[in-house]
Amino acid sequence: MNIYRLKNPSKALPILAMVVLTSVSAHATALLVGNFVAGDESVKRYNVTTGASEGDFVPNGSGGLTFPLGGAIGPDGNLYVSNSDNEDVLRYNGMTGAFIDAFVPSGSGGLEDPASLIFRNGFLYVANSSDPGAVSRFNATTGAPAGFFVTPGSGGLVDPEGMVFGPDGNLYVTNGSSVLRFNGTTGAFIDTFVAPNSGGLTNTRGIIFGHDGNLLVANFNFAGGGILRYNGTTGAFIDSFVVSGSGGLSSPRPLIFGPDSNLYVGDFGNGSVLRYNGTTGAFIDQFVPPGSGNLVGPTFLVFDPNTDGVAGVPETSSTLTFLGMSLAGLAYFARIRRAAV
């Protein structure tokens, strides 16, 4: 008697793959945007697919918010925002936006004018956009100070608003008209990775490594800024990945790659979020049109993996998990077929 027979187990693979991809792609995220303008210092929320405004995620002034200069999703799934004017880091519920606490109290660990935030290897790294500049480090669970990772003024550091860990594991920090590189383990100064004014760089803000391994830097300039690209190994200028004025680009500040692998740019000059092809830099659209949801001055961009009150699972992890389940299912079907009598 045949208990169960799968006539052709190999045909199940495309079906299961479709289920996997549908399940993964259905996991939506929101785009959170820090907003800075007198009278509205908040975090806006936008639909990840359409860019439509979904209202304020963190209302104006919540928890004492005055200058939301940097933001990141922590390992606990909550939103952390650098509150530059009050020199602290605030924590908000990652699903509701409700204020939780001052995760890093004002001035703790030498914090001064906090900007970019990065969670990495059990620590929270915070760029101190002051003069001299520094990078402070805190316990990612408790917020307790762990000392300066990059000491004040190291390598001539001044006003570091953007930072990113590179493919080589080292830390790259914006520094006026240049980019400095620091040892990713010790924080020691290595070199000036991008020379001052290279390629027309005048005022660095957002910084990120592209899909091709090269470094992208937002050139914040009200006279007309763009996204400049530098060799990811040597720091030599390559080209303008996004030229000034493309899609109306005026003064780019934050940069982030989205779930669609495209580049999203917060345009501080026009109060918008523009989207560009992540490979070519070609303009796609005004993902968030100027002024949508009362957006005026975008300071940071974060794709929130929390949706509908459910903490999200990182896309890569969920994909591998589902694929593993699918392969296990195929093996199970094959065993049933062999055992069928």
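This is a predicted model: local features need pLDDT of at least 70, side-chain atom pairs count only at pLDDT 80 or more; totals for chains, interfaces and linings use all residues.

User: Fine. How many helices and strands are in the protein chain?

Analyst: Two helices and 24 strands. Buried residues account for 50% of the 341 residues. The chain exposes about 14,100 Å², with carbon and sulfur atoms supplying 57% of that.

User: Where does Ser177 sit?

Analyst: Ser177 is in the loop between β13 and β14.

User: Buried or exposed, that Ser177?

Analyst: Buried: Ser177 has a relative accessible area of 18%, and the cut-off for buried is under 20%.

User: And what does Ser177 touch?

Analyst: Leaving out residues up to four places away in sequence, Ser177 touches Ala195, Pro196, Asn197, Leu201, Thr202 and Thr204.

User: Let's look at the strands on either side. How do β13 and β14 pair?

Analyst: Antiparallel, over five bridges. Leu171 has Phe182 in β14 as its bridge partner. The hairpin they make has two residues between the strands, and Gly176 there takes a positive phi near 65°.

User: What about β12 and β13?

Analyst: That pairing is antiparallel too, over three bridges, with Val164 partnered by Tyr172 in β13. β12 and β13 form a hairpin with five residues between them, and Gly169 in the turn has a positive phi of about 85°.

User: Why is β13 described as largely enclosed?

Analyst: Because five of the five residues of β13 are buried, the strand is largely enclosed by the rest of the structure. Leu171, Val173 and Asn175 point one way, Tyr172 and Thr174 the other, and all are buried. In a regular strand, side chains alternate between the two faces of the sheet.

User: Which residues touch the most other members of the largest nonpolar core?

Analyst: Tyr125, Val135, Val150, Met163, Leu171, Val173 and Phe182, out of 16 residues in that core. The elements giving two or more residues to this core are β8 (114-120), β9 (123-128), β11 (145-150), β12 (163-165), β13 (171-175) and β14 (178-182). There's also a second, separate core of 13 residues, including Ala218, Ile227, Phe241 and Phe257.

User: Back to Val173, what's around it?

Analyst: Not counting residues up to four places away in sequence, Val173 touches Val135, Leu157, Pro160, Gly162, Met163, Ser178, Val179, Leu180 and Phe182.

User: Switching to rings. How many aromatic pairs are there?

Analyst: The count comes to 15 aromatic pairs. Take Phe220 and Phe268: their ring centres are 5.9 Å apart and their planes at 70°, so the pair is edge-to-face. Phe220 lies in the loop between β17 (215-219) and β18 (227-230), and Phe268 in the loop between β21 (263-267) and β22 (272-276), so the pair ties together parts 48 residues apart in sequence.

User: How buried are Phe220 and Phe268?

Analyst: Phe220 has a relative accessible area of 8%, and Phe268 has 16%; both count as buried. Tyr264 and Phe303 form an aromatic pair as well, edge-to-face, at 5.2 Å centre to centre and 75° between the planes. Tyr264 is in β21 and Phe303 in β24 (residues 298-304), so this pair ties together parts 39 residues apart in sequence.

User: Which charged residues lie over rings, say Phe268 or Phe123?

Analyst: Arg253 lies over the face of Phe268, 4.8 Å from the ring centre. The charged end of Arg137 sits over the ring of Phe123, 4.3 Å from its centre. Ring pairs also link Phe123 into a cluster with Tyr125, Phe149 and Phe165.

Conventions: Residues are numbered from 1 along each chain as its sequence is written. Side-chain values use heavy atoms; hydrogens and water are left out. Helices (H or I, at least four residues) and strands (E, at least two) are DSSP runs, numbered from the N terminus. Buried means under 20% relative accessible area, exposed over 50%, partly exposed in between (1.4 Å probe, protein chains only). Accessible areas come from the Shrake-Rupley method with a 1.4 Å probe; for residues, only the protein chains shown count as cover. A nonpolar core is a set of buried Ala, Val, Leu, Ile, Met, Phe, Trp, Tyr and Cys residues joined through side-chain atoms within 4.5 Å. Contact means heavy atoms within 4.5 Å. Two strands pair if DSSP finds at least two bridges between them. Rings of Phe, Tyr and Trp (its six-membered ring) pair if their centres lie within 6.5 Å; planes under 30 degrees apart count as stacked, over 60 as edge-to-face and the rest as tilted. A charge sits over a ring if NZ of Lys or CZ of Arg is within 6 Å of the ring centre and within 35 degrees of the ring normal.
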